[in-house]
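Here is a friendly tour of one protein model. Have the sequence and the 3D view ready as you read.

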Amino acid sequence: MPGHDHLQETTQQETTQEDEIENGDEDWYQGEVSGTPSWRQVETFFSFIAQEHLKEAQEFREKGHNSQIPEVDPDLLPELEDVVATIKSRIYIYAKREDQLWLLTQIEQLERFISVLSGGTLQDWVTNSMCIHSREGRADKLEGRATAQSQVRRLELTLQALLRTAKALGAVVDYSTAENLKRAVEEELSTEATNAIASNDEQAVAQALERMKADIDGNSPWSELVSGRVASKEADKAVFFETLITATRRAAAKANKNARELSGSAQTFFSKVAAYLQSFSDVLSKLNGKVSKSSKEGVLDSSAVPKTKQVGEGKSEKGTLRKWVGKKFEEGTSRAAIIKTMALRQLDRGERRSKTPEAVMVDSIIRSILWQCQQPAIKIQSASEAILLKAKELKKIAGILDVHGTNHEAIASDHQNDADLDAQVIGWVQAYNEQERPENKTSAKLVVLGQLFDSDIASARKIVRRFSRNQNSVGDAAQNIKDEINHQFSNAIKKMINEQFDASGHSEYIGLEMSKFLPEITDGLAQSVVELNNVIISAERQPPDFSDIKCWAKRASLSSTKVKEKISTQSASLTGKPLDDNSRGARLAKYWASLAQERGSKSWPMPDAGIMLAGLREHGLLKGTVSSGDPKGYLLATRLAGEVENAHNDELKLPMSADEYAALEKSLVEFIVRWGKEGQREARHA
């Protein structure tokens, strides 16, 4: 790396205007970095990225991915094998003799599927789906990798469906008699007790449980706990099996679709899985409502077992036609969207080819400014949606608890410091007995939801304060908020043009373009801030008005989304490119910011886009990492500065796949309650 003296010497030479901009920034950057230890940390970070992560960033920018081949989750198949073996053993021991034949037939089919997928078959199917496409003389695996990713998703979803099926067979056994259900509940509670008290010494906990059950006084709360859980499972049985049937049929339909899209051994496998899952769901549907009854006859009589049929067979012609038309309409709509996107991209490439380098540079600065203006709207959107999600659940359970609803917390702590294992087990059973009561389940849910809701409100309060003239207040009038936003945006734009990017020669043009729509954006953002402020006001009432909170959160979400999309549309109109949260440059900036966070960026001074740009140039980090629309790295530097600031404020949100996002939202309340119980267990251990 050239030294500071060399850079000063270079800036004194005659250079082009472009070189003056770049070398001037580098000179100023080096002077700042060498001043304090904290700036040296920033310098060290850029060196680290250049040495350890530049090549992967260049590969990602070129291909949209890195060179590793996608892999199926390696834990899924072994888990399926273990579960199938466990359920098979339970069938032999606990299932009625007249039920065993059908149950073991299902197990044998699952074992055949496991056999097909063993020995590297899973990864072979993924690898074989990748193919190399040549584009402009370069090897490009993007399309092949996308296909491989799809194959991975297919296989993982199928393994999860087979896992669910194996567990369903166990549930059929458990619900077949009252004795089996009680045994299953006792095993379940014993496992929960072991995990909560001393997961590293299961035998000791099991022995303590046995001693407690042998004692008349100790057996009473245990019996009450078991009876309550059995009653709860009986009450939930119909819903449990209905949910299972729906999920199995959906998995069968997906497997059938996968079979139509594939060929060879993979097609055969998915076709057989589809037929199996459909047949299994049909049996469960006929047995729903019977499986928990205790009778001398087997629950699974032969009349309940339908003949195996292919997915979709036996459906009405009208229903099939309707689905076919709907599918074709969706396919046509998707194709139209894809064609439109591709056409816009081709048009954008053509426009860029016709633009001068200076015009491309100006477009890059404009997009950088718009990206910075868009961030408050994105933060408000995220904050309001998080509040809305929890307010909906809190509204459902608010007002149904009495004052004794938190008794379970006091009981849970009775033995938290008691070293005696028997006392800990007794304390856990008593506490869990209280938690199993309906009113206390609701109370536990309310406590944890309330904690997360309070955290979301605190985050919202921080956002609103950024646009309040009085930083300690969130009650500024709408006009004051609007004035503050306008003031902040104007200063940020001027600083970016004249100082950070040294583009003062273009300030008049950029300022004119911004002035055409900035007032509308300012108005919309001010409205969003006011609405988020109203959410906070409603939340601070005692008791909180969740109906009001829902209303204002929804309005804040809609108005901030509108501002976000308006800015992206203006970017497309002015520069030919919208602002994309999931573009390669956006993801790269988030990734580098996460690396900065790991390296202690909270102790850094807050670097702005100009400092980031100088650092990126100095360390050669713009080579192969910027797009053709951002050749000087203005947008990358702006994004990186913003994301590092987000990391500093614990607001960095890494990009998430559609599957990950769906998994995050699924069963939110159940997840929250589990999280709360985990926290209580950790507190007791502490």
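Just after helix α18, Asp 502 takes a positive phi of about 50°. Helices here are DSSP runs of H or I with at least four residues, numbered from the N terminus. This is a predicted model, in which local features need pLDDT of at least 70 and side-chain atom pairs count only at pLDDT 80 or more, while totals for chains, interfaces and linings use all residues. Residues are numbered from 1 along each chain as its sequence is written, and side-chain values use heavy atoms, leaving out hydrogens and water.

How do helix lengths work out?

Buried residues (under 20% relative accessible area, with a 1.4 Å probe and protein chains only) in α18 include Ile 481, Phe 489 and Gln 500. In α9, Leu 181 and Ile 197 are among the buried ones.

Now to the cores. A nonpolar core is a set of buried Ala, Val, Leu, Ile, Met, Phe, Trp, Tyr and Cys residues joined through side-chain atoms within 4.5 Å. The largest has 80 residues, and Trp 592 and Leu 616 are among those touching the most other members. Helix α14 (residues 357-397) gives the largest share of this core, 16 residues. A second, separate core of 72 residues includes Val 83 and Tyr 432.

Notes:
Buried means under 20% relative accessible area, exposed over 50%, partly exposed in between (1.4 Å probe, protein chains only). Helices (H or I, at least four residues) and strands (E, at least two) are DSSP runs, numbered from the N terminus.
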